[in-house]
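Please keep the sequence and the structure open while going through the points.

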Amino acid sequence: MNELQNHVAVITGAAGGIGASIARLFAAEGATVALLDRTRDSLAILTAELNAAGHTASAHPVDITASASVETAMTDVVRAHGRISILVNCVGFLRTGKIDQMSEADFDAVMAVNVKGVWLATKYALPHLRATGLAGGAAVVNLSSVSAYIGTDTGWAYTVSKGAVSSFTHAVSQELAPAGIRVNAVAPGYVDAGFTHQSMARNPDPAAMVARANSLHVLGRMGQPQEIAQAVLYLASARASFVTGTILFVDGGFMIKR
Ligand SMILES: NC(=O)c1ccc[n+]([C@@H]2O[C@H](COP(=O)([O-])OP(=O)(O)OC[C@H]3O[C@@H](n4cnc5c(N)ncnc54)[C@H](O)[C@@H]3O)[C@@H](O)[C@H]2O)c1
């Protein structure tokens with residue numbers, strides 16, 4: 001407990017399946033959590049839940065693809081809490097479609113959220129991360145995916161975007177190391193939450209989809225969002241003080257099966 005005491009953590013995509021788990025775990029570990037998402041109602045419910053439990057949380061509705069919106073959100077976080085010492089880029093968006101069938105609008109939306117959104121959040125958090133980085137350490141944790149490392153038949157645009165998140169992690173970890181800011185990523189396997197859960201539930205045969213997804217992992221099941229949150233906590237905390245530029249696979253053996 002209290003691994004993140006005195007930290008102020010910004011979590012993007014905080015109203016989502018994995019983001020909400022990260023928010024709950026970080027708050028339980030003593031962090032002040034600033035929750036960014038475009039989904040106002042879910043943000044408000046989560047913020048109220050955390051504050052009622054005695055934690056410190058604030059909600060910041062944002063369009064992560066819009067520069068002015070992201071800059072305003074980061075300014076509001078610092079106005080509310082004084083600083084930012086951790087950024088978790090958990091925002092994400094999935095659209096599938098074969099290469100000759102996907103619309104340009106869908107491609108642009110995937111790239112805008114998953115790639116530009118990660119850059120913009122990092123860009124506007126950076127002045128504040130720099131201030132805490134040199135004073136004792138700051139961390140950025142990005143959400144990549146096993147999808148970045150395998151080909152999928154219809155999820156190619158998402159795969160490309162998550163490859164960019166991993167590359168961003170590698171490149172930016174070098175740029176920000178002198179500022180005392182570590183930059184890492186977690187690459188989950190299938191997680192029984194968020195858009196994976198929703199797309200399986202929409203399928204005509206959800207049970208078959210779940211069984212197939214489970215079978216892709218050596219451990220014989222999908223991950224739970226709490227299991228991803230634990231890895232994000234590790235990379236954000238002082239326990240990972242010598243870790244930067246790393247992609248940490250939390251995938252139940254998904255990659256080793258390939
Ligand atoms: N669920 C999985 O199986 C899985 C596996 C590997 C990686 N991931 C990654 O984990 C992260 C979280 O995924 P999740 O499963 O919790 O999905 P999710 O859809 O539940 O959460 C994503 C959140 O991002 C928010 N968002 C989307 N567009 C936005 C925008 N323009 N501005 C602000 N917020 C926006 C959504 O409102 C949502 O709350 C993503 O980066 C995803 O790629 C998920």
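1. Where is the place of asparagine 6? Asparagine 6 sits in the segment before strand 1 (8-12), where helices (H or I, at least four residues) and strands (E, at least two) are DSSP runs numbered from the N terminus. This is a predicted model, in which local features need pLDDT of at least 70 and side-chain atom pairs count only at pLDDT 80 or more, while totals for chains, interfaces and linings use all residues. Residues are numbered from 1 along each chain as its sequence is written.

2. Most residues other than glycine have a negative phi. Asparagine 6, although not a glycine, has a positive phi of about 75 degrees. Asparagine 6 counts as exposed because it has 12 C-beta neighbours inside 10 Å; a residue is exposed if 12 or fewer other C-beta atoms lie within 10 Å of its own, buried if 20 or more do, and partly exposed in between, with C-beta atoms placed from the backbone.

3. Is threonine 47 buried or exposed? Threonine 47, which lies in helix 2 (residues 40-52), is buried, because 22 other C-beta atoms are within 10 Å. Leaving aside residues up to four places away in sequence, threonine 47 touches Leu35, Ala57, Ser58 and Ala59, where contact requires C-beta atoms, placed from the backbone, to lie within 7 Å.

4. The largest nonpolar core has 77 residues, of which Ala9, Ile11, Ala23, Val33, Leu35 and Val232 touch the most other members. Such a core is a set of buried Ala, Val, Leu, Ile, Met, Phe, Trp, Tyr and Cys residues joined through C-beta atoms within 7 Å. Helix 4 gives the most to this core, with nine residues. Valine 232 touches Ile22, Val88, Val141 and Val186, again not counting residues up to four places away in sequence.

5. Helix 3 (residues 67-81) packs with helix 4 (residues 104-133) at an angle of about 35 degrees, and their axes are 9 Å apart; axes are lines fitted to C-alpha atoms, for helices over the stretch in contact, and angles run from 0 to 180 degrees between N-to-C directions. The contact involves Ser67, Val70, Glu71, Met74 and Val78 of helix 3, together with Leu120, Ala121, Tyr124, Ala125 and His128 of helix 4.

6. Around the ligand there are 27 residues, and Gly13, Gly16, Gly92, Gly194 and Thr196 come nearest; a residue is near a molecule if its C-beta atom, placed from the backbone, lies within 6 Å of it. The elements giving two or more residues to this shell are helix 1 (17-28) and helix 6 (194-202).

Technical notes:
Contact = placed C-beta atoms within 7 Å.
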